[in-house]
Amino acid sequence: MNPPFRNLNILILSDHDPGRICGHTIHVQYLHDFLGRWNRVRLTGHARLRDLRSADVVWIRSERLFLRWIPFCAWIRKPTVFDLASFPWLELEMAGRSRLRIMLSRWTFRLALKTAVVRVLSVSMARYLKTRFRFPDWRMFVLPIPVCLPAARRKNRMDGRIHFVYMGSEKPWQGFRNLIDAFARLESDPYLRLHCYGIPGTDTKNVRFHESVPHTEMIRILADRTDAVVVPRPRNTVTEHVTPIKFAEAAAMGLPILATDLQVLREAGGEMVRLLPDNGTETLIRGIRSFAKERKLR
């Protein structure tokens, strides 16, 4: 992959917590490591004006920090990049947030389209911006999540069970509830287990809820205790165009992935991906059973 910048001082402004596993933190770590191969990169959420002056490019990863720093970047005429990892105003609408919060998110996005170069995660995201907002190609570039994880050989377990993993949240655009309903109807199968990380809940016969863990620990879990990762997202504007971090994680580990047939996942591709026609409970049950049957026949 060709880097978007070379031999520059890049200041990444982001709210992040390396001790948590969350999309925001992992996105930032990938971005920092990727750009750092060719540039001098500093990652912080607490910059000063002199930090902006000394940078060649200011890369901003959140709406809040963008609103705080874009006036100063404009004042000193500093090139900026707005990192658009999703469509936050649409996520806020689906989460039922206040009209004022949604309007602020829309306004921030419109401001970014006027004042900054925009980074997107996929060709489908770029195509959506171009079609929906008439945003020119030269003002944005596609930089997928650069997955560079250490090679890890998955261990063969002796319990005979098949362990599925879900990472993320239970927000409406994740499809988590349908996955839980599917495993509730699969309780009679003693060989199927679902492990959910980062979501509070009460364990059932075949579903285990785990606390959030640091990113490095999640990588070990994927390598040592996982047979497949499930990405049961519904089909909508956000999910069709935004690459889910859990997909990139599983692909990096060479894990099988059961996922809804979404445009962005077709774009990412990969022989380990099993695309399901939708994220309905019945469809997930058929996909899980089919995968389990093939695994037992090996």
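Is S105 buried or exposed? Select S105 and see. The model you have open is a predicted one. S105 is buried, because its relative accessible area is 0% and buried means under 20%.

**Stop 1: around S105**

Show the helix that holds this residue: S105 sits in α5. Now display its neighbours. Leaving aside residues up to four places away in sequence, S105 touches E63, P88, W89 and L92. Keep E63 selected. E63 belongs to the buried residues of α3, and that helix is the next stop.

**Stop 2: helix α3**

Select residues 63-75. This is helix α3, with 13 residues. How far apart are its end C-alpha atoms? They are 19 Å apart.

Look along the helix for a bend. α3 bends by about 40° at W69. A proline, P71, follows within four residues.

Next, colour E63, L65, F66, W69, I70 and C73. These residues of α3 are buried. An α-helix has 3.6 residues a turn, so residues three or four places apart point the same way. What covers the buried residues of α3? The cover includes strands β1 (9-13), β3 (57-60) and β4 (80-83). It also includes helices α2 (49-54), α4 (88-94) and α5 (99-115). Step past the end of α3 to R77, where phi is positive, near 55°.

**Stop 3: the six-stranded sheet**

Show β7 to β12 as a cartoon. Six strands form an open sheet in the order β9-β8-β7-β10-β11-β12, with parallel pairing. The edge strands are β9 and β12 (273-276), and each pairs on one side only. From one strand to the next, the twist averages 25°.

The side chains of β9 alternate. V207 and F209 point to one face and are buried.

Four bridges join β8 to β9, and the two strands run parallel. Where is the bridge partner of Y197? It is H210, in β9.

Move on to β7 (residues 162-167) and β10 (residues 228-231). Two bridges join this parallel pair. Select V165 and find V229 of β10 opposite.

Now bring in the helices. Helix α7 (residues 176-184) lies across β7, β8, β9 and β10. Its direction is at about 155° to β8. Helix α10 (residues 245-253) also packs on the sheet. α10 touches β7, β10, β11 (257-260) and β12, and makes about 160° with the direction of β10.

**Stop 4: salt bridges**

How many salt bridges does a search of the whole structure find? It finds 12. Visit some of them.

- Select K130 and D137. Their closest N and O atoms are 3.1 Å apart. K130 is partly exposed at 44% relative accessible area, and D137 is partly exposed at 46%.
- Select E170 and R177. Here the closest N and O atoms are 2.6 Å apart. E170 is partly exposed at 38% relative accessibility, and R177 is partly exposed at 43%.
- Select D261 and R266. The closest N and O atoms of this salt bridge are 2.7 Å apart. R266 counts as exposed, because its relative accessibility is 55% and exposed means over 50%.

End at R42, R48 and D51. A network of salt bridges links these residues.

How values were computed:
Residues are numbered from 1 along each chain as its sequence is written. This is a predicted model: local features need pLDDT of at least 70, side-chain atom pairs count only at pLDDT 80 or more; totals for chains, interfaces and linings use all residues. Side-chain values use heavy atoms; hydrogens and water are left out. The expected span of a helix is 1.5 Å times one less than its number of residues. The bend at a residue is the angle between axes fitted to the seven residues ending there and the seven starting there. Buried means under 20% relative accessible area, exposed over 50%, partly exposed in between (1.4 Å probe, protein chains only). Contact means heavy atoms within 4.5 Å. Two strands pair if DSSP finds at least two bridges between them. A salt bridge is a side-chain nitrogen of Lys or Arg within 4 Å of a carboxyl oxygen of Asp or Glu. Axes are lines fitted to C-alpha atoms, for helices over the stretch in contact, and angles run from 0 to 180 degrees between N-to-C directions.
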